Amino acid sequence: EEAAESGKRLMPYFHQNGCPYCAKLVNDNFGKSKQVVDYMHQHFDAIDMNMWGDRPVVGLDGKDYNEKSYAASLKVWFTPTILFFDEQGKVALRINGYYDPEKFMHVLRYVSEKQETRMNFAGYYQQFTAPKTKAALISEPFFARPSYDLAGTSKGKKPVAVFFEQADCADCAKMHKTALKDADTLAIINGFNVIQLDRYADTPVVTPSGEVTTARKWADKLNIAYAPSVVLFDGGKEIIRIEAFLKTFHTQSVFDYVLSGGYKTESSFQRYIEHRADRIRNTGKTVDLWK
């Protein structure tokens, strides 16, 4: 109510200790970008919340929580997670993961201008990010070749991973050069049926639910607003997705969460990461969250 009365919108920011992406958000976006900081001060009331914290919280539903139970009620899986609430207390936009300052400014403008009443964020963001060229995507040997019938594929034993990418995409190139060249990543990905789609192409595809569509229409329906985004399915159902910048260990953990069936027994992805890191350390290997 206070935010609305002052012409601002509410912006809870969920973080946790030891999170490299939270550090980047604080250091790069909130620390070095005067444009971001000035715009936030003008248009938002921001609240920092520890995903595992015990401070008391009264949610927008009027119920009593602590930070960690409130995060769980909002299904906060990644950190940082930022939610933007409108004047009625409804979520106008949700960002799961780290966006660099330039992308983050698009987020702030979208919410402050109340663009959610006109279009989803993916449609808004396309105005600034749709590729100007028809350059080829970066291919990998584990990408399946057309045609793409994921309804048929999902009937098999392997889960499905769909990479939505676009031409001239710096973050796509970074992912291919780092995470997708790592031997541990490749060992996990080999357990999936993997396809790559140009987010803006008219490539025919049958979704895991059996819908006949195109890559672009499906991406729009899934509200894919970041490239690269990776959507993981098991048993024909979406389990989890990567829709922000992730380093190698966390990329591997997302895939392993699905491949191992960990999502069936551990509803908290962050707890799963902690346990996975401990298991790896117990074998004598080093876990580098910053790699």
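Residues are numbered from 1 along each chain as its sequence is written, and side-chain values use heavy atoms, with hydrogens and water left out. Because the model is predicted, local features need pLDDT of at least 70 and side-chain atom pairs count only at pLDDT 80 or more, whereas totals for chains, interfaces and linings use all residues.

**View 1. The contact of helices α5 and α6.** The axes of α5 (residues 101-112) and α6 (residues 121-129) come within 11 Å and cross at roughly 130 degrees, where axes are lines fitted to C-alpha atoms over the stretch in contact and angles run from 0 to 180 degrees between N-to-C directions. Helices (H or I, at least four residues) and strands (E, at least two) are DSSP runs, numbered from the N terminus. The angle makes α5 oblique to α6, since angles under 35 degrees count as roughly parallel, over 145 as roughly antiparallel, 65 to 115 as roughly perpendicular and the rest as oblique. On the side of α5 the contact (heavy atoms within 4.5 Å) is made by K103, H106, V107, R109 and Y110, and on the side of α6 by F121, Y124, Y125 and F128.

**View 2. The disulfide of C169 and C172.** A search of the whole structure finds 1 disulfide, defined as a pair of cysteine sulfur atoms within 2.5 Å; it joins C169 to C172, with an S to S distance of 2.3 Å. The torsion about the S-S bond is about 80 degrees, so this disulfide is right-handed. C169 counts as buried at 13% relative accessibility, and C172 is buried with a relative accessible area of 2%; buried means under 20%, exposed over 50% and partly exposed in between, for a 1.4 Å probe and protein chains only.

**View 3. Two cis peptide bonds, ending at S147 and at P228.** The bond from P146 to S147 is cis, with omega near 5 degrees, and S147 is found in the loop between α6 and β7 (148-149). The bond from A227 to P228 is likewise cis, with omega near 0 degrees, and P228 lies in the loop between α10 (215-221) and β12 (229-234).

**View 4. Positive phi at K75 and N223.** Most residues other than glycine have a negative phi. K75, not a glycine, has a positive phi of about 55 degrees; K75 is placed in the loop between α4 (67-73) and β5 (81-85) and counts as exposed at 61% relative accessibility. N223, also not a glycine, has a positive phi of about 60 degrees; N223 is in the loop between α10 and β12 and counts as partly exposed at 31% relative accessibility.
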